[in-house]
Amino acid sequence: MVAVVIFGEALTLGLVSGPACMASCGPVLVPSLLTEQTGFRRHLRFLSAFLGARLLGYLAFAAAAWEIGALVSMRPASRMLLMGAVNVLLACVLLWYAYSARQICGSSCSSAKLVNIGTTKDRRVAGAAVLGFLTGFSLCPPFVAAGVRAAELGSVTQALLFFIFFFVGTSVWFVPFIGIGCIARNQAVLTVARMTMTLIALYYLFLGIAMLMGRKAYGF
Amino acid sequence: MASKACTPRLAPATPRSVLRALLLTLPIAVWSLLMLFHPGTPTDAKSRIAEAVTALFMTGLFFMMMRTGKTYRWRRCFFVALGFLFPVGFIYNMVLARGTMGIPIEEMIAGRTPFCFLAIPLLIVPAALTKTLVFPGSIAASRHAIATMVGLWLALTLVLGKGWCAYACFFGGIEEGMAAVPKRAKIRKIDPRWRLVPWAVLLAMVLLSLALFEPAYCMWLCPFKAVTEYVTARNAVGVVQNAIFIVLFAGLVIVLPLLTKKRTQCSFFCPFGAFQSIFNKISIFEVKIDRTRCKSCGVCQNACPNLSLSKESIAQGETLLSCMKCGACVDACPQDAAVWHIKGTEIAWKPERARLMFLYAAWAMAVMFGGSIIAQGLFTILHFLA
Amino acid sequence: MTLRAKLGYTAAALTMLAALLTPFRLMDSFAKGFAALGLHVDEMYSGGPKLRTVAMGPYSIAVHKPVFPHMLQSGNPFVQLDWSPASALPQHVSDVVDVDGDGRPDIRVDFDVPKDPKTPLRVNVEPLNRRYEAMQNEGKEGFSRLIVRVDNAVLVRVPLANR
C-alpha cells in the first residue's frame, strides 16, 4: 500500500512536470525528429531510443548521487560546472548530428536506419540515444525535485523505482512528438532541421561555456 | 494557345493620362488626409507640417504608381523613407521618456517595454500552454501595449498577408535602401538554400522561447536592437548580446544588401518574415506567371529582392510562399508574363484590376501605419532643426 | 465569370473593406478580443498580483503574491513589496514586514531614499523567517532580487530561500 502511494506520487510528479520536460527536450528532439523519414513507427522508434537513454541518464545520475548523498547537498557552483560540461557536450553532439544527417540522407533521404554517429561499425551509436542520454543529465528542476524526494526513500532500489515512475509520468507528454511523423519530408525540411539543430547547438555551446566560466548566461 | 503576335499587352502601353491618374489617386488623397489629420493628432506647427508633407508624399507616390503603371520603384521610396525615419522617431521618444535607448529593468517591471511584432511567433506556444506572455510589456495599459499591437498586426496581416514585408514592416526599408545604392551586385550567385534559414531561425527561436520562457530572438538575435532599443547590459554576457545585435545589423542590413542588391536580412534571416509567409496561403492577392507569355529569361528572378522566384516555381507559373507582393518582378518582366492576380480568377485576365484592388488596400494600410511613423520621424527632424 | 472568380473578387472586395475598417473598427475589435483571452504577462516581469496593503502612516507597503518561476526559467522565486508613495518616504526606511500575513514579522528591510529619483538604490534585507533570503547592499542584480524605483514607488524583490 505504501509502495502504491509512493509510486503514485512519483507518477503524479512526473505528469505535473511533464510540460517542463517536454519544453526542455523540445529544442533537441524536434529538429532531430525532422531529420528522420516520415512514419509513425519510425518516429516511435526514435522517441523510444531517446526516452530510454534519457531514463538511463536519470538513473545513472540518481544512483550515483544517492549513494554518495550528493544530490540534495550539491553546491550550486558544482551543479553549474556539471551542467556546463553537459551543455557543451550536447552542443558538440548536435553539431555532429546535423553534419551526419547530411551524409546519411544525401539528396534522397531514403535511409531506413536511425541516424548514426561515428564512422566505424563498432563505434556506432544511435544518435537518438546519445541525445537522450545527455538530455537526461540536464538537472532541470523537476528532475532535482524528484531526486530530493527519491533520496528520502529507504534504499537505492526504491529511489530508482521512484525515478522510473516519475519518468513514465513525464514521458506521457512526449507522445505528441510522434505526430511530427506526419510532416512531409523533402530536402527543404531536412535542410531546415539541420540548420535549426546547428543554431540550437550554438546556443547550448554558449550556455555551456558561460556556465563553465561560472557566469550566468543572461545579460539581465 | 494565342500566339505572341496577337496576345494583347496587359499593362498600359503608354502611361495613364494625368487626369485619369488623378481620379484614381483621389481616394488615397482623401484617406491620407483622414489618417494623418484626424482629431487627436497634435496641432502644433511642426506636427502639421510633418503630417502635410507625409500626406503629399504618400499621395504623390500613389499618383506615380497610377500614372506610370509601375509599382516597385514608388513603393520602394515609401519603404525606404519608413525604414530610415522609424528609428529617428522611435529613438527620440525613448530618449525623451527614459534618457537612453537601453531598456532598464525598471521599465520592464513597469510593463513599459514597447511591444514589437517580431516577438509574436515566439509568444504563441508559451501562451497556449500556460496563458502567460513572456514579454515585459503590458496587455492593455499603454500606447504600445501588447493587445493594441497584436490587434494592429492581425488587421494588417488579414489585408496584406506576406505583403507586410513590403508595405508595413518598419525595419525592411533600411536594407532596401542599401540594396538600391550600388548599380550592380558584386555577389550575384546566391545559393538558394540560404532562403531556408529564416524557417530554421523561426523553429529554433520558437523552441528555445518555450524552453527558456523568454523571447529568445529578442534576447539574442534581433539585428534591429542596434537601431531601436536593447536590454541594458549589466554584465559581460549582456555586452556579448549587444555585440551580436550590432554585428548582425552591420552584416545583414548594411553590408550584404550593398554587395548583393537583395534584402538579405529579410530573405536569409528574419523569422517573422517566415512566419508571415504562412499567411500568403490565405491572402487573396498574389503574383502569378503567365506561362503563355513567359520566355524563361529569368529577368523576374534577378529583379526579385527576396529570392521569391526560382526556375521551378516559374515553370509552374507561381512565386514562392515568401513573395512580398512588392511588384519588382511584374515591373521588370519584358513579356508582361508576371502579373497581379486574384485567387480564383483566370491568370492574366484583367491583371490591372487585380493590381488596383490590391494597391488600394495595401496603400491604405501603408498610409495608416507607415505614414504615421514617417510623420513622427519628420516631426523629430523638424524639432531638431528648428 | 465562373463562380470561383466571383468568389475571388468578393474576397478581394472584402479585403479592401477590411483595409478601410482597420483604423475605425477592426484593429480595436482584435485588440479587445486579444485582451479578453485572459492572458497575463509573465510574473517574473510584473511581480505578481497584489495581495494586501500594510499601512505605515504617510506611506504603505503593498505585498504581492510570491512568484515562482516556470520550471526552466532562470531566476529564483521571490516576493515583491512596494513602498508608495515614494514622495512620502523618509530619507531612511527601516521597516519590519509581515510578508505572509500570519501576524509574525518575516523580514527587516533597510534602504535609503535619495532626493534625486535617478540615484541607484541599495537595500539590505534581514530575514526573520527562514523562508526568505538575506540581501546585502543589493541593487538590481536580476529579476529575483532587486530594489528599483518605478514611478512613485520603491519596489523590493526578496528572494525566497527554498525552491
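Begin in chain C of this predicted model by selecting strand 2 together with strand 3 (residues 59–64), an antiparallel pair joined by six bridges. Within this pairing, Thr53(C) has Ala62(C) of strand 3 as its bridge partner. Next, select the turn of the hairpin, where two residues lie between the strands. Here Gly57(C) adopts a positive phi near 80 degrees. Now colour strand 2 of chain C, residues 50–56, by burial: the number buried among its seven residues is zero, so the strand lies largely in the open.

Select the 22 residues that chain A contributes and the 22 residues that chain B contributes. On the side of chain A that touches chain B, the elements giving two or more residues are helix 1 (2–34) and helix 8 (187–212) of chain A. Helix 8 of chain A gives the most to this side, with nine residues. Coloured by residue class, the side of chain A that touches chain B shows 15 nonpolar, five polar and two charged residues.

Finally, display chain B by domain: domain 1 covers 16–92 + 350–386, domain 2 covers 101–283 and domain 3 covers 284–349. The centres of domain 2 and domain 3 of chain B, taken over C-alpha atoms, are separated by 27 Å. Their contact draws 16 residues from domain 2 of chain B and 13 residues from domain 3 of chain B. On the domain 2 side, select helix 7 (164–167), helix 8 (172–180) and helix 12 (264–268) of chain B, each of which supplies at least two residues. The residues on that side of domain 2 of chain B comprise six nonpolar, five polar and five charged.

How values were computed:
Residues numbered from 1 in each chain as written. Chains lettered and ligands numbered in written order. Predicted model: local features only at pLDDT ≥ 70, side-chain atom pairs only at ≥ 80, totals over all residues. Contact = placed C-beta atoms within 7 Å. Helix = DSSP H or I, 4+ residues; strand = E, 2+ residues; numbered from the N terminus. Nonpolar A, V, L, I, M, F, W, Y, C, P; charged D, E, K, R; others polar. Domains from an automatic or database assignment. Buried ≥ 20, exposed ≤ 12 C-beta atoms within 10 Å, placed from the backbone. Pairing = 2+ DSSP bridges.
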